[in-house]
Amino acid sequence: MTDHPEPLTIIEPRMRRLIAYLSALWQYRGLLYFLTKRDVQVRYRQTLLGAAWAVIQPVFSMVIFSIFFGRLAGIKSDGIPYPIFVFAGLLPWTYFANAISASGGSLVASSRLVTKVYFPRLVIPTSAALGGLVDLAVAMIIYAALMTYYRFVPGPALLLFPVLVALTVACASGVGLWLSALNVRYRDVRYVTPFLVQAWLFLSPVIYPVSLVKPPYQWLLALNPMSGIIDAFRASLLGQSAVHWSTLGISTVVIALIFVTGLLYFRKTECVFADLV
Amino acid sequence: MADTVIKVEGLSKQYRLGLDVPAGTLGEALASFVKSPLRPRRSASPDGDTLWALRAISFDVARGQTVGVIGRNGAGKSTLLKILSQITVPTEGRAEMRGRVGSLLEIGTGFHPELTGRENTYLYGAILGMDRASIRTRFDEIVAFAELERFIDTPVKKYSSGMYMRLAFAVAAHLDAQILLVDEVLAVGDSAFQRKCIGKMDDVARGGRTVLFVSHNMSAVSQLCSRCIVLGKGEVLYDGDARSAVSVYNQSVVGAAPSVERCASRSGSGGIRITRLWMTDEQGAETLFARSGGAVTIHLTAQADARFADGAAVAVAFALDAQDGRRLFTCISLWSGVELRTRGSELSARCELTDLPLLPDTYLLSASIIHHRECLDNLVHCGSLEVRSSEGDVLVRDEAIDYGLVSIPHTFAQEG
């Protein structure tokens with residue numbers, strides 16, 4: 001044990017340096033793993049249908065959206081069968097919506113942990129955001145089956161897919177950091193989140209294609225980071241259209257901005273969490 | 001060698017009370033921003049609505065020392081531990097700790113009822129800062145210590161509270177830290193397991209690790225710690241050997257009338273709060289003394305909220321402890337088959353203790369109010385009772401001899 005120098009803990013009335021802050025997160029990666037695992041393990045315990053919920057949720061949304069928006073409203077889907085068109089959008093969207101809700105409430109829900117044990121608090125909203133990835137993976141399997149049914153083969157843009165998932169996680173974590181830290185101080189967040197999710201859905205090209213928006217305004221749509229992601233998800237999975245690099249670029253910049261400011265705000269308020277929660 | 005591993009310099013913590021409670025709503029924040037957009041949001045308010053939980057605390061702890069931190073309710077001991085555990089940030093001052101720090105402010109936080117004992121062991125270990133490999137190598141040892149081999153794959157929601165605590169303590173006790181910050185965790189489980197816990201703590205302390213141990217269990221403190229820091233109103237009242245510390249600590253109760261505010265600790269879910277506590281002698285006059293073999297009556301009044309007003313039945317309990325914290329006696333109104341009810345929002349009760357079988361000494365009084373199995377208010381060491389020798393006794397007492405705890409009525413005679 002005395003092989004390596006003893007770690008020195010310094011406690012002072014100010015924020016930790018960003019480097020020290022992030023390295024503490026790395027040190028506690030085991031906890032991140034276990035908390036994420038706990039979230040996943042617990043989510044469907046003592047439910048009748050268990051993990052089937054991970055399938056039912058997106059499939060149900062797909063069916064409803066296909067009927068109402070695809071059939072009745074006749075929204076164009078760039079020549080792609082509407083069910084797989086909307087499902088490709090629902091994949092990142094469902095993950096994002098669940099992740100920001102879970103992440104936003106996570107700190108307050110873990111108030112006992114926050115007031116009784118020390119670990120980098122970042123672990124809490126981050127693990128809440130990561131937990132949804134399992135559901136995304138399950139939904140992907142369904143999607144693969146759907147693609148086979150419609151005889152769609154993804155093109156080379158599929159290589160972009162892991163990057164897109166990473167971007168979605170970063171986006172959800174960034175928003176989650178903001179919401180969870182704000183929620184500690186202002187419990188209004190709990191009531192605002194459902195509205196936010198609902199409004200955000202309509203501002204994102206989940207049920208409609210980006211092409212529905214007139215080209216001069218498409219860059220405005222790209223300011224919503226989820227629109228760039230969803231559009232690229234479709235391009236990557238369906239291989240029908242080219243990836244809109246400029247849109248994706250703008251979205252990436254916005255995601256980076258949300259994530260970094262979220263991290264800074266979280267760090268700034270972290271020191272009072274235990275006193276407020 | 002004076003090898004300092006914990007160095008605390010001028011640590012202070014200020015809590016803000018009253019008007020500017022920060023956990024407001026967004027609307028309030030926006031309103032205050034609109035009213036005075038240039039005022040810094042977290043400016044220290046000049047007076048009144050702040051409370052210094054700690055004021056310029058300084059001390060050093062050498063490697064391998066086991067230091068007890070004691071103090072009455074609100075003395076700042078929990079705040080100190082929270083700051084050292086990095087749960088909250090000090091307002092002023094600085095602290096340095098060398099070595100891996102493990103803090104146990106409450107054991108079992110983070111357990112998830114739906115998960116099995118095995119899953120929770122890994123999760124809780126990770127929460128306490130252990131890595132997976134070290135939990136895996138200690139897993140069998142932990143389970144054996146908790147005596148839960150048969151139930152380790154059962155969800156902990158099916159555990160009894162004792163089993164739950166045993167597992168939590170077992171994980172915590174196997175924490176690989178050079179500095180341990182411990183808060184009252186020994187108050188768990190049955191007395192056999194408590195002894196095992198204290199034994200384990202003793203091993204830890206002897207194993208060269210540094211322990212900061214916050215407690216109001218005087219017998220545990222004097223058993224485990226060589227040095228003891230007494231805190232009072234956020235300041236260090238005493239820092240030195242544990243024996244003297246215990247008497248400094250007790251002095252704040254001894255000789256003073258029982259007080260709700262100055263109790264060692266207060267807990268309970270609320271609903272009824274004890275407002276006053278006092279003792280009377282056989283003549284009904286208020287007193288702080290009793291004669292060995294004599295009688296004393298303990299009284300309390302309490303204020304109930306709407307839930308318990310107007311005739312709710314509750315039980316009242318009193319207890320006497322020796323100065324080292326050993327419990328000597330407990331009485332609960334329920335045991336005597338007496339039903340106590342609130343009248344309006346008030347509750348008044350008394351309990352007469354007769355033929356006091358106590359040796360002349362000072363004893364600490366605790367009181368609680370219970371409703372079914374819920375503890376509504378619990379005051380630990382909120383007053384003292386000084387027992388004096390009964391008249392006519394020829395008292396020969398030698399400080400060095402342990403005469404025991406009780407005085408059993410007895411008669412000597414010469415036979416034959």
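Which loop of chain B holds D355(B)? D355(B) sits in the loop between β17 (346-353) and β18 (361-371) of chain B; helices (H or I, at least four residues) and strands (E, at least two) are DSSP runs, numbered from the N terminus. The model is a predicted one, in which local features need pLDDT of at least 70 and side-chain atom pairs count only at pLDDT 80 or more, while totals for chains, interfaces and linings use all residues. Residues are numbered from 1 along each chain as its sequence is written, and chains are lettered from A and ligands numbered from 1 in the order in which they are written.

D355(B) has a positive phi of about 45° although it is not a glycine. Another such residue is H381(B), whose phi is near 50° and positive. H381(B) lies in strand β19 (residues 374-388) of chain B. Are these residues buried or exposed? A residue is buried if 20 or more other C-beta atoms, placed from the backbone, lie within 10 Å of its own, exposed if 12 or fewer, and partly exposed in between. D355(B) has 11 other C-beta atoms within 10 Å and is therefore exposed. H381(B) has 26 within 10 Å, so H381(B) is buried.

Chain B has eight helices and 19 strands. Of its 416 residues, 39% count as buried. Two residues are in contact if their C-beta atoms, placed from the backbone, lie within 7 Å. Among contacts in chain B between residues at least 6 apart in sequence, 74% join residues at least 24 apart.

A nonpolar core is a set of buried Ala, Val, Leu, Ile, Met, Phe, Trp, Tyr and Cys residues joined through C-beta atoms within 7 Å. The largest such core has 144 residues, of which A168(B), F213(B) and V221(B) touch the most other members. Helix α4 (residues 82-109) of chain A gives the most to this core, with 15 residues. A168(B) touches I107(B), G108(B), F111(B) and Y124(B), leaving aside residues up to four places away in sequence. A second, separate core of 31 residues includes I298(B), A304(B), F308(B) and L347(B).

Where the chains meet, the contact takes 31 residues from chain A and 42 residues from chain B. On the side of chain A that touches chain B, the largest share, six residues, comes from α2(A).

Within chain A, helix α2 (residues 29-43) also packs against helix α6 (residues 123-131), at an angle of about 50° and with their axes 8 Å apart. Axes are lines fitted to C-alpha atoms, for helices over the stretch in contact, and angles run from 0 to 180 degrees between N-to-C directions. Angles under 35 degrees count as roughly parallel, over 145 as roughly antiparallel, 65 to 115 as roughly perpendicular and the rest as oblique. The helices α2(A) and α6(A) are therefore oblique to each other. Residues in this contact include L31(A) and L35(A) of α2(A), with V123(A) and L130(A) of α6(A).

The helix α6(A) also packs against helix α8 (residues 161-185) of chain A, at an angle of about 140° and with axes 9 Å apart. That angle makes α6(A) oblique to α8(A). In this contact P125(A), T126(A), A128(A) and A129(A) of α6(A) meet residues of α8(A), among them V169(A), A172(A) and G176(A).
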